[in-house]
Amino acid sequence: MPSWILVADAGRARLFSATGRHAPLEEVDGFVNPEARVPARALERDRPMLTQQSATGGSTALGSRSDTAEQAARTFAGEICSYLDRGRNEGAYDDLVVIAPPKFLGYLRSAVKPRVNRMVSRSIAKDLTQAAPDAIRDAFRDW
């Protein structure tokens, strides 16, 4: 049974399959989070309402662009993990390698179901979403 290799960040995820330790990686699916690519100005249009601070007399926003971006990233991580769960249920893979920048790796870990988490043989905190398959393979050559 093949291994799946997920390479992801908050805006893009690529899913590869490998049938053996030295087999080439074959890209089998890809995901895009359009909200991660929205310019900050567009997200600011739906600015949260302001609230008055009595101690200073100034006002502050109840939410921010970073809150919106974080929520979009968490939602995207949840969608990816749902896909991984469906693949596990269908017996599409028996081993999972996850490669993502540290912050997004944390979002994936929070969203993954325990039965999928048991399939993870390796997780690597690195951004390789733009890398060629050979460079991705090099990241876990000792796997």
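Glu-70 has a relative accessible area of 29%, which makes Glu-70 partly exposed. The model is a predicted one. Arg-74 also falls in the partly exposed class, at 36% relative accessibility.

These two side chains form a salt bridge, with 3.1 Å between the closest N and O atoms. Both residues belong to helix 2 (residues 65–89) and sit four residues apart, about one turn of the helix.

## A pair between strands 2 and 3

Glu-27 and Arg-14 are joined by a side-chain salt bridge of 3.2 Å, N to O. Glu-27 is part of strand 3 (residues 26–32) and Arg-14 is part of strand 2 (residues 12–18), so this contact ties together parts that are 13 residues apart in sequence.

Arg-14 is buried, at 6% relative accessibility, whereas Glu-27 is partly exposed, with a relative accessible area of 40%.

Asp-85 pairs with Arg-88 in a salt bridge whose closest N and O atoms are 3.8 Å apart, which is within the 4 Å cut-off. The two residues are three apart in helix 2, a separation of about one helical turn. Asp-85 has 7% relative accessibility and counts as buried; Arg-88, at 24%, counts as partly exposed.

## Total

With a side-chain nitrogen of Lys or Arg required within 4 Å of a carboxyl oxygen of Asp or Glu, the count is five salt bridges.

Terms used. Residues numbered from 1 in each chain as written. Predicted model: local features only at pLDDT ≥ 70, side-chain atom pairs only at ≥ 80, totals over all residues. Heavy atoms only, no water. Buried < 20%, exposed > 50% of the residue type's maximum accessible area, 1.4 Å probe, protein only.
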